[in-house]
Amino acid sequence: MTQTIDAVAGLLAGGGVVVLSGAGLSTDSGIPDYRGPSGVARRHTPMTFQAFTGDPAARRRYWARSHLGWRTIARAAPNDGHAAVARLQHAGLVDAVITQNVDGLHTAAGSTPVVELHGSLDAVVCLDCGDRTAREELDRRLREANPGFSATVAAVNPDGDVDLPDAQVARFRPVDCERCRTGMLKPDVVFFGETVPPARVAACFDLVQRARAVLVLGSSLTVMSGRRFVIRAAKQGIPVAIVNQGPTRGDGYATVRVDAPLGGVLPELADRLTPHAPLAASGADAAVTRG
Ligand SMILES: [Zn+2]
């Protein structure tokens with residue numbers, strides 16, 4: 001494994017890197033992946049755009065669960081992996097981060113620029129009038145409309161959804177758009193069954209095609225939404241490094257592949273490549289241990 005980490009470090013050292021990150025990067029922040037290390041989908045099925053827009057009961061269920069799940073997402077803090085990416089970016093080695101995550105943790109860690117491929121849970125859009133508002137504001141309105149609504153949340157999913165009994169869902173009152181009064185509100189994230197806005201996709205292809213290397217972090221590349229960038233890079237002869245626990249559907253395109261937890265690999269890479277940056281506490285410990 002040391003040899004493969006050396007190879008990733010070698011790629012990063014040349015700069016011009018575009019990072020493509022997925023749910024595996026946020027698991028250390030308490031936001032579980034849809035898929036375990038085995039890559040097998042868990043029982044939770046994400047909301048589809050068709051169900052959300054076509055079925056009022058599904059929409060009520062979504063908002064009831066999301067209202068509770070949001071507290072976990074809003075409380076989540078960036079982990080050592082996010083911090084390491086930000087350090088590599090500030091050191092000039094990473095040009096941009098494209099993330100499939102909707103938790104805002106790259107930005108919270110200080111990364112910039114970040115393209116949130118699938119949007120962000122901290123914003124809400126009206127599907128009728130297009131008004132875009134802060135999730136915090138919707139959270140306040142949902143609390144007012146649902147006094148005393150709370151439940152013991154057993155599991156939160158990466159899209160901020162939680163598991164919740166039907167009886168509790170039935171009591172929940174969703175709210176409509178405050179501007180046009182009747183519009184359907186939706187978190188400003190790309191649901192399954194929905195396409196990423198074309199301008200955003202084009203911007204990501206542009207970043208990838210100008211990259212000297214692409215570094216995939218914590219994504220099984222199961223959905224084409226992210227995998228297409230890896231395929232494009234490989235077709236253009238741009239080296240692709242993948243760091244992920246478990247196999248990915250992009251492995252065939254990878255120049256180098258590290259199968260290990262990101263919480264160990266990324267701080268090590270950042271320590272090696274940004275020696276003058278201040279070390280995080282865990283990074284300092286690791287450096288001493290390696291001696
Ligand atoms: Zn509206």
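I'll start with a side-chain pair: E144 and R140 are joined by a polar contact of 2.7 Å between their side chains. E144 belongs to helix 6, which covers residues 135–145. Is E144 buried or exposed? It counts as exposed, because its relative accessibility is 57% and the cut-off for exposed is over 50%. R173 sits 29 residues away from E144 along the chain, and the two C-alpha atoms are 10.0 Å apart.

Before going further: this is a predicted model. Mean pLDDT for the protein is 88, with 86% of the residues at 70 or more. Two stretches need a caution. Residues 36–42 have pLDDT below 50, and this stretch has 12 contacts in the model beyond near neighbours in sequence. Residues 281–291 also stay under 50, and there the model has 5 contacts beyond four places in sequence. Where pLDDT is low, the predicted coordinates should not be read in detail.

Now the overall picture. The protein has 291 residues, and 50% of them are buried. The secondary structure consists of 11 helices and 9 strands. Taking contacts with a separation of 6 or more, 71% are between residues 24 or more positions apart. The accessible surface is about 13,200 Å², and carbon and sulfur atoms hold 53% of that.

Next, the metal. Which residues hold the zinc ion? The protein donors are the SG atoms of C126, C129, C177 and C180, at 2.3 to 2.4 Å from the zinc ion. The angles among the 4 donor atoms run from 107 to 117°, and the site is tetrahedral. For reference, the ideal angle for four tetrahedral donors is 109.5 degrees. Written along the sequence, the donor spacing is C-x2-C-x47-C-x2-C. C126 is in strand 4, residues 119–126, while C177 is in the loop between helix 7 (166–171) and strand 6 (185–189), so this pair ties together parts that are 51 residues apart in sequence. Both C126 and C177 are buried.

That loop between helix 7 and strand 6 also contains R181. The phi of R181 is positive, near 80°, and R181 is not a glycine. Most residues other than glycine have a negative phi. R181 is exposed because its relative accessible area is 62%.

A second residue with this kind of backbone is L221, with a positive phi of about 55° although it is not a glycine. L221 lies in the loop between strand 7 and helix 9. Is L221 buried or exposed? L221 counts as buried, because its relative accessibility is 0%.

On the backbone there is one more item. The peptide bond from T112 to P113 is cis, with omega near 0°. Most peptide bonds are trans. P113 is in the loop between helix 5 and strand 3, the latter being residues 114–116.

Now helix 4, residues 80–90. Of its 11 residues, 8 are buried, so this helix is largely enclosed by the rest of the structure. The buried ones are G81, H82, A84, V85, A86, R87, L88 and Q89. What do the buried residues of helix 4 pack against? Their partners are helix 1 (2–13), strand 2 (94–99), helix 5 (105–108), strand 7 (213–217) and helix 10 (262–273). After the helix comes G92, with a positive phi near 85°.

The last stop is F229, in helix 9, which runs over residues 224–235. F229 is buried, because its relative accessible area is 1% and the cut-off for buried is under 20%. Leaving out residues up to four places away in sequence, F229 touches L117, V201, C204, F205 and V208. V214 is 15 residues from F229 in sequence, and the C-alpha to C-alpha distance is 8.9 Å.

To recap: the zinc ion has a tetrahedral site, helix 4 is largely enclosed by the rest of the structure, and residues 36–42 have pLDDT below 50. That is the end of the talk.

Methods. Residues are numbered from 1 along each chain as its sequence is written. Side-chain values use heavy atoms; hydrogens and water are left out. Donors are N, O and S atoms within 2.8 Å of the metal (3.2 Å for Na, K and Ca); water is not among the atoms, so sites may look incomplete. Four donors count as tetrahedral if all angles lie between 85 and 135 degrees; four count as square planar and six as octahedral if opposite donors are over 155 degrees apart and all others between 65 and 115; anything else is irregular. Helices (H or I, at least four residues) and strands (E, at least two) are DSSP runs, numbered from the N terminus. Buried means under 20% relative accessible area, exposed over 50%, partly exposed in between (1.4 Å probe, protein chains only). pLDDT is the predictor's confidence in each residue, from 0 to 100. Contact means heavy atoms within 4.5 Å. A polar contact is a pair of N or O atoms within 3.5 Å; within protein, one must be able to donate a hydrogen and the other to accept it, and residues adjacent in sequence count only if both atoms are side-chain atoms. Accessible areas come from the Shrake-Rupley method with a 1.4 Å probe; for residues, only the protein chains shown count as cover.
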